[in-house]
Every structure is written in C-alpha cells, then in structure tokens.
Amino acid sequence: CMSRVWIIDEVDAEGRHHFRGASDAIIVNGLVAMMTEAFSGLTAEELMSLTVDQVRRLNLGALTTQRQVGMIAMLEHMQKLGQKSGRQQHLRRAVS
C-alpha cells in the first residue's frame, strides 16, 4: 500500500534548510522523522551533494525495498525543495 508523506522546508537567514514532515502511516512517519532530522541544517549546495549511499548509511537495511525506494524519493524531494529555495534566494539577491 502507498503512504502519503508531507515535507515542509523552512530556510533560515543563513540559507540552511530545516525540514519537518509527517505521514499517514505510523512506520513511514518514523522514517520521515529520521530523514528530516538527518538532513536538516544543510545548505542547498550540501543537499544537492547528498547521495543514495548517505541515505543507506542511516542503517535502514531491514526495510522493505518499497520503503527504501520511498526514502530515496524523500531525499529527492528535499533536494528539489533546496533547489527551489536556492533559485528564489538568488533572484532576491539579483533584484536587491
């Protein structure tokens, strides 16, 4: 079955991303918490440099393949959020 996941990105004055998230499934909610905690506090550049191997280092080998794929999808989503805010900050600087 598919679980729904919501991730919110807040960027501080130093350009660091702070993620919060939730899911409609208990186990996935815990995985969301692990991912958002592990990758909060990074800049857009640091987010973009993250790899699948770094997600695997969270020691999630006991997860099903479907849940592992979901973890990778969460990483990719956080990277997209980082890119989006990075472009917005660049535009703000260009206009200022």
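Reply: A term comes first: a pocket is an open set of grid points where a 1.4 Å probe fits, with protein on both sides within 12 Å along at least five of seven lines. The model examined here is predicted.

Me: How much space lies in the largest pocket?
Reply: The lining of the largest pocket counts 19 residues, and Ser 3, Val 5, Val 28, Gln 66 and Gly 70 lie nearest its centre. The lining divides into twelve nonpolar, five polar and two charged residues. The space in the largest pocket is about 460 Å³.

Me: Which element gives the most to the lining of the largest pocket?
Reply: At least two lining residues come from each of β1, α1 and α4. With eight residues, the most is given by α4.

Me: Is Gln 79 buried or exposed?
Reply: Gln 79 lies in helix α4, residues 65-95, and touches Leu 47, Met 48 and Leu 50, leaving aside residues up to four places away in sequence. Buried means under 20% relative accessible area. Gln 79 has 12%, so Gln 79 is buried.

Me: Which strands are the edge strands of the sheet?
Reply: The open sheet has three strands in the order β1-β2-β3, with antiparallel pairing. An edge strand pairs on one side only, which holds for β1 (5-11) and β3 (42-43).

Me: At about what angle does helix α1 run to β2?
Reply: Strand β2 spans residues 16-23 and pairs with β3 over two bridges. Helix α1, residues 26-39, lies across β1, β2 and β3, and its angle to β2 is about 175°.

Methods. Residues are numbered from 1 along each chain as its sequence is written. This is a predicted model: local features need pLDDT of at least 70, side-chain atom pairs count only at pLDDT 80 or more; totals for chains, interfaces and linings use all residues. Side-chain values use heavy atoms; hydrogens and water are left out. Two strands pair if DSSP finds at least two bridges between them. Helices (H or I, at least four residues) and strands (E, at least two) are DSSP runs, numbered from the N terminus. Contact means heavy atoms within 4.5 Å. Axes are lines fitted to C-alpha atoms, for helices over the stretch in contact, and angles run from 0 to 180 degrees between N-to-C directions. Buried means under 20% relative accessible area, exposed over 50%, partly exposed in between (1.4 Å probe, protein chains only). On a 1 Å grid over the protein atoms alone, a cavity is a set of points where a 1.4 Å probe fits but cannot get out, and a pocket is an open set with protein on both sides within 12 Å along at least five of seven lines; lining residues have an atom within 4 Å of a point. Grid points are joined across faces, edges and corners, and a volume is the space filled by probe spheres set on the points. Ala, Val, Leu, Ile, Met, Phe, Trp, Tyr, Cys and Pro count as nonpolar, Asp, Glu, Lys and Arg as charged, and the others, Gly among them, as polar.
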